[in-house]
Amino acid sequence: MKFIVDFANLDQIKELYAYYPVDGVTTNPSILAKEGKNPYEVLKGIREFIGVNAELHVQVISLDAEGMMQEAHRIQKELGANTYVKVPVTKEGLKAMKTLAAEGANITATAIYTQMQAYLAGKAGAHYAAPYVNRIDNLGADGVKVAKEIHDIFKKNDLKTEVLAASFKNSQQVLELAKYGVGAATISPDVIEGLIKLDSVTCAVAAFTKDFEGLCGKGKSMLDC
Ligand code: E4P
């Protein structure tokens, strides 16, 4: 499962890249709005930092297929080949996806709440389909189950599309999908920071330090003992 950051603040992205095994960056219009700057300025900064080969996902705003395609072309021109154009799975979105796929564009189908949306996006040529796990949970359904079923639909129908699970609110949701082997998960910084935040781990490391310092002296390590 690829591990992707769902955020657009460059300082925070740099911090996460320094510590975690990150495979790329996803954004959406709400995430870009938080930066309060021109979207292309923000996205070009991210592209420069992550490099030309890393995945960067950027969403279109238009509601009609023609507008979506025009935006997709500008997104690709400004941000390079490894940019995935995020297209919401509406009727117009499916029309845009079919044309963009024929052009060879990288497409991430987004705003997915149902298995049928994902199936149709896969058939239309999307590389990724992004079910919104926590938003589905908030509807009283089971977001993890929906994401797993979408993964199964792709495999059973010989579609090359991968799940890019999105909208996580806790570690358990991420873990369940890693165990299932879905293609990718995109996760916000606050949820990423919670993935390994465990008092037991902190206590275990503190006990090792105390024992070692008892043996070799305060502040000593395997470097200078
Ligand atoms: C990804 O495609 C979505 O835009 C994003 O993960 C939604 O996350 P949220 O439900 O936390 O806003």
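How many helices and strands does the protein chain have? The protein chain has 11 helices and eight strands, where helices (H or I, at least four residues) and strands (E, at least two) are DSSP runs numbered from the N terminus. The model is a predicted one, in which local features need pLDDT of at least 70 and side-chain atom pairs count only at pLDDT 80 or more, whereas totals for chains, interfaces and linings use all residues. Residues are numbered from 1 along each chain as its sequence is written, and side-chain values use heavy atoms, with hydrogens and water left out.

Along the principal axes, the C-alpha atoms of the protein chain fill a box of roughly 70 × 35 × 30 Å. The protein chain is divided into domain 1 (2-189) and domain 2 (195-225); these bounds come from an automatic or database domain assignment. A distance of 40 Å lies between the C-alpha centres of domain 1 and domain 2. The accessible surface of the protein chain comes to about 11900 Å², and carbon and sulfur atoms hold 55% of this surface. Accessible areas come from the Shrake-Rupley method with a 1.4 Å probe, and for residues only the protein chains shown count as cover. Of the 225 residues in the protein chain, 46% are buried; buried means under 20% relative accessible area, exposed over 50%, and partly exposed in between (1.4 Å probe, protein chains only). Among contacts (heavy atoms within 4.5 Å) with a separation of 6 or more, 56% are between residues 24 or more positions apart.

Strand β1 (residues 2-6) has four buried residues out of five, so the strand is largely enclosed by the rest of the structure. Two strands are taken to pair if DSSP finds at least two bridges between them. On this basis β1 runs parallel to strand β8 (residues 184-187), with four bridges joining the two, and V5 has I187 as its bridge partner in β8. β1 also runs parallel to strand β2 (residues 24-26), through three bridges. In β2, V25 stands opposite V5. Together with helix α1 (residues 10-19), β1 and β2 make a right-handed β-α-β unit. A crossover is right-handed if, with the strands pointing away from the viewer, the path from the first strand over the helix to the second runs clockwise.

Burial is also found in strand β5 (residues 107-112), where five of the six residues are buried, so β5 is largely enclosed by the rest of the structure. Strand β4 (residues 83-88) is joined to β5 by four bridges, in parallel, and the bridge partner of K86 in β5 is T108. A109 has A129 as its bridge partner in β6. From β5 the chain crosses through helix α6 (residues 115-124) to β6, in a β-α-β crossover that is right-handed.

Two exposed positions were examined individually. I61 lies in the loop between β3 (55-59) and α4 and counts as exposed at 53% relative accessibility. Leaving aside neighbours within four places in sequence, I61 is in contact with P29 and E71. I61 and V87 are 26 residues apart along the chain, and their C-alpha atoms are separated by 8.5 Å. K77 lies in helix α4 (residues 65-79) and is exposed, with a relative accessible area of 72%. K77 and A105 are 28 residues apart in sequence, with a C-alpha to C-alpha distance of 11 Å.

A search of the whole structure for disulfides, defined as pairs of cysteine sulfur atoms within 2.5 Å, finds zero. The closest cysteine sulfur to that of C216 is in C225, at 4.7 Å, which is too far for a bond. For C225 the closest cysteine sulfur is in turn that of C216, at 4.7 Å. C216 is partly exposed, with a relative accessible area of 28%, whereas C225 is exposed, at 57%.
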